[in-house]
Amino acid sequence: MTAMGDVLVERHEESGAYMYDMTLGLDRKTGKVLWKLMDIGEPLYINEAKGTFMARHLDYIFALDKPEGSAVKTVDWRTGKVLKSTEYESAKINPNGKERIIERLFVSDGKIYLSFGIKVLAFPLDADPATPSTKKEIYWVYGGNSNVNYAAGPAAGKIFFVSTNARSYRLYGVKTVDKTAVVEYAIDNPIARFDIVGNGLYIYQTDRKLIVMNPSKNRTLFRMDVPARAFGPTLSDSGMIVVQTKGKLLAFPEPVELKEAS
């Protein structure tokens, strides 16, 4: 559920002949349903000045008469009217790539990012991807490494990729300002989970070790033992970092270096 002005935008699943997603616009004061939309994903971007939000059209993924790709809808949050639909056809935007399914979409700093497994493509947010003059950026782990998948970012000036080999323990950061520059992080056991919180990188290994790093400087700040191999999301509150692990909460002060990082 997301608050947008005087409207609450709420998503849930409904079951009929098949399972589908339903998104409602609710009046925050009265609870009245203002509009309904089917098969709209989580808001990717909210434009408060225009009163709109952008979301992926989920039904496009399963359409049999369309090419593999993704449609992004721009919706007026007050009326539920679809103002614009932008299609990202994978065969056109990634014509030479083996991966054709657009797995994830996300928006950051005026760009929309689309992940294709080992590659991430970025376009200006308001541009038409079908226009030949539209600038496209490509991020991937250079050197022919095909055993990685997009994992997180952009954060700390990098797009993060993680090894898909269960026996491997590699985490890479591809710099957004120099896409040929790849940073490999010092991990010595398989990764159970990692989170980017604020300016910090929190990596949990299967050997019950937490590594806290400054990803901007590729520097390990400290390591600590944790009581389990399963973790929930890392949280930040009141200057403290909170680790969720096996029914316990572990808290420690956020490192000063990360607080002061720009």
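Guide: Strands are DSSP runs of E with at least two residues, numbered from the N terminus. A pocket is found on a 1 Å grid over the protein atoms alone, as an open set of points where a 1.4 Å probe fits, with protein on both sides within 12 Å along at least five of seven lines; lining residues have an atom within 4 Å of a point. The model is predicted, so local features need pLDDT of at least 70 and side-chain atom pairs pLDDT 80 or more, while totals for chains, interfaces and linings use all residues. Residues are numbered from 1 along each chain as its sequence is written, and side-chain values use heavy atoms, without hydrogens and water.

Visitor: Which strand gives the largest share of the lining of the largest pocket?

Guide: Strand S8 does, with four residues. Strands S5 (40–47) and S6 (52–57) also give two or more residues, as does S8 (82–89). The space in this pocket is about 250 Å³, where a volume is the space filled by probe spheres set on the points, joined across faces, edges and corners. Of its 13 lining residues, Lys50, Thr52, Met54, Thr74 and Asp126 are closest to the centre.

Visitor: What is the strand order in the open sheet of four strands?

Guide: Two strands pair if DSSP finds at least two bridges between them. Here the order is S9-S10-S11-S12, and the pairing is antiparallel. Strands S9 (104–108) and S12 (137–140) each have a single partner, so one side of each lacks a neighbour in the sheet. Five bridges join S9 to S10 (residues 111–115), and Phe106 has Tyr113 in S10 as its bridge partner.

Visitor: Which residues touch the most other members of the largest nonpolar core?

Guide: A nonpolar core is a set of buried Ala, Val, Leu, Ile, Met, Phe, Trp, Tyr and Cys residues joined through side-chain atoms within 4.5 Å. Buried means under 20% relative accessible area, with a 1.4 Å probe and protein chains only. In this core of 13 residues, they are Tyr113, Val120, Tyr139, Ile159 and Phe161. A second, separate core has twelve residues, including Leu171, Tyr185, Ile203 and Ile211.

Visitor: Is Asn214 buried or exposed?

Guide: Asn214 is buried, at a relative accessible area of 2%, and belongs to strand S19 (residues 209–214). Contact means heavy atoms within 4.5 Å. Beyond its neighbours within four places in sequence, Asn214 is in contact with Asn199, Arg219, Leu221, Glu257 and Leu258.

Terms used
Buried means under 20% relative accessible area, exposed over 50%, partly exposed in between (1.4 Å probe, protein chains only).
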